[in-house]
Amino acid sequence: MNTIFRKSMLSVAGLAFAGGVFAGPIAAHANPVDAKPVAVTVQSAAPKSEGDQSHISLNDEQTANVKAIIAAAKKAGLPERAAVISIATSLQESKLENLGHLGDLNDHDSLGLFQQRPSSGWGTPEQITDPAYSTTAFLKGLKQVDGWQDMALTDAAQTVQVSAYPDAYAQWEQQAADLVGQHWNS
């Protein structure tokens with residue numbers, strides 16, 4: 001939870017408590033009021049999706065890669081938010097396809113679900129094209145980002161990936177969240 005939000009909530013709670021302490025005895029002797037339920041909107045702890053959202057239909061290979069990413073997040077003891085960030089990142093980088101070398105279309109020596117580069121220290125080509133390994137490597141980088149749990153998805157992903165298109169990850173947040181919701185407990 002970010003510091004500003006936490007301080008705001010503590011301030012509101014403090015005012016509510018103080019109001020109850022001072023008004024409580026008075027209100028206890030007041031005439032009864034017709035009490036009716038009031039709708040209250042609660043802010044979610046997870047950041048909201050940013051901007052326009054993209055969506056693709058997944059084939060069996062892509063669905064298997066979603067499940068591999070979720071399994072790696074669970075194995076690392078990380079929450080669903082880590083899987084959402086990982087899947088959105090992979091949707092942007094490879095559309096959840098475990099890409100090998102693409103010849104002239106390749107971005108340098110980028111490979112796998114996350115387009116990680118052996119020359120940048122992500123691992124060997126064999127390791128990077130293993131979904132469990134590449135996800136674990138991504139998650140290791142994510143865990144090193146202070147406050148990643150409360151960051152906008154695109155900021156957390158960009159801090160790990162260092163992409164030329166840092167804002168592109170956000171467009172996949174809703175589909176990634178839907179996929180995690182669908183497969184987390186399966």
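How many aromatic pairs does the count come to by this rule? The rule pairs rings of Phe, Tyr and Trp (its six-membered ring) if their centres lie within 6.5 Å; planes under 30 degrees apart count as stacked, over 60 as edge-to-face and the rest as tilted. The count comes to one aromatic pair.

Colleagues, a word on the basis. This is a predicted model, in which local features need pLDDT of at least 70 and side-chain atom pairs count only at pLDDT 80 or more, while totals for chains, interfaces and linings use all residues. Residues are numbered from 1 along each chain as its sequence is written, and side-chain values use heavy atoms, with hydrogens and water left out.

The pair consists of Phe114 and Phe138, which are stacked at 4.9 Å centre to centre with 10° between the planes. Phe114 lies in the loop between H3 and helix H4 (125-128) and Phe138 in helix H5 (residues 131-143), so the pair ties together parts that are 24 residues apart in sequence. Helices here are DSSP runs (H or I, at least four residues), numbered from the N terminus. Both Phe114 and Phe138 are buried, that is, under 20% relative accessible area, where exposed means over 50% and partly exposed in between, with a 1.4 Å probe and protein chains only.

I turn to Gln144. This residue is found in the loop between H5 and helix H6 (153-161). Gln144 is exposed, with a relative accessible area of 59%. From C-alpha to C-alpha, Gln144 and Thr159 are 9.6 Å apart in space, and 15 residues apart in sequence.

How values were computed:
Helix = DSSP H or I, 4+ residues; strand = E, 2+ residues; numbered from the N terminus.
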